[in-house]
Amino acid sequence: MKKCYLSIVFFILSFNAFSQTTLYWRNGGGADDWGNLNKWSTISGIGGSCNCKPTILDDVIFDNNLAAPTTINMNEVGQVKSIDFNSVDAIYTINNANPLQIYGRNNANTFSFRWPAINNRLVINANTKFMTASLDYTIITPAAGAVAWAGNIDAGDGSNILNSITITGSSAKTFGGSMNFFANTAIFNGNTTMTNNTISFERTTIFNNDLTINSSGDVKFNNSNHIDYFTDFRGNTNINASTIYSNAKEYFRGNSNLLNVAFAVFFGGSGGGNGTSHTELTSASATLTVTGGDPNWGAYFNRNFNSKGSIFAL
């Protein structure tokens, strides 16, 4: 009987250890460490400590019960299933030291990261990594205001290709860190600015609104060199970088300016290609202006170039 009792207790403890939980950051205000077990609770607001910390199975919520500015130091790698700042009404700063790893929710029409609904309530200096290849990630951002993401963002890697990652909302978005996207599809909604970044979008990327990139490094689109991938610039596009290149298909639908400060613009396979590369200005009103770099830039649009609009070399 004693052995049976111990087995039941062990089963219950094991089940709790590996079950999903919703955790809340408690007693906001000041600065504290992500790994501090006393800062997490299963109850919103000032609920008692759970003497635990988030795992890859847990949803994490920062809510409006925490009304004082709060700094969270990533003293260790942070791991969550999803993270939600939607209702916060104080300024939260997530400082860099270790990355925040998001493993994602395994059902459709939900989010893995939700930005505050109120403007200027979140600063992310930590590097953020989206981890699970089999999922479709959604980042919900507000319709109004602005989103500023200072840390690096990694969406998969060479051996971990995400299904998709979609950044929703019509709010203006500024990314200050490097952007490395290994997702079958990456969709950006809202006017998007990327500053001082090394940027690589390995597969299909769609910018539904205006795009501005001011990069001190290289900007790469469709670097995987695969016939099924493309980049669709649906708004006005301005890119200033050391080198700008793509190995597959590009569609320019607005007024686009490419300024490269050191080398050349390589589109359509940059001399190698896969035989199906394609660069297209999609309408008579579209323009593409290329400035700087190699004066023979035109030779680098070396696959099927279809210009319905106007091209300028300065």
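Strand β23 (residues 211-214) and strand β26 are paired in the parallel sense over 4 bridges, where strands are DSSP runs of E with at least two residues and helices are runs of H or I with at least four, each numbered from the N terminus, and where two strands pair if DSSP finds at least two bridges between them. The structure is a predicted model, in which local features need pLDDT of at least 70 and side-chain atom pairs count only at pLDDT 80 or more, whereas totals for chains, interfaces and linings use all residues. Residues are numbered from 1 along each chain as its sequence is written, and side-chain values use heavy atoms, with hydrogens and water left out.

**Strand β26 and its partners**

- Within the pairing of β23 with β26, N214 stands opposite N240 of β26.
- Strand β26 is also joined to strand β29 (residues 255-260) by 5 bridges, and these two strands run parallel; N238 has N257 of β29 as its bridge partner.

**Strand β22 and its partners**

- Strand β22 (residues 204-207) directs T204 and I206 one way and T205 and F207 the other way, and all of them are buried, a term that means under 20% relative accessible area, with exposed meaning over 50% and partly exposed in between (1.4 Å probe, protein chains only).
- Strand β19 (residues 183-188) runs parallel to β22 and is joined to it by 4 bridges, with I187 standing opposite I206 of β22.
- Strand β25 (residues 230-233) likewise runs parallel to β22, to which 3 bridges join it, and here D232 of β25 is the bridge partner of I206.

**Asparagines with positive phi**

- N120, although it is not a glycine, has a positive phi of about 60 degrees, and this residue lies in the loop between β10 (113-114) and β11 (122-124).
- N120 is exposed, its relative accessible area being 56%.
- N196 is not a glycine either and has a positive phi of about 55 degrees; its position is in the loop between β20 (192-195) and β21 (199-201).
- N196 is exposed, with a relative accessible area of 57%.
- As background to both entries, most residues other than glycine have a negative phi, and most peptide bonds are trans.
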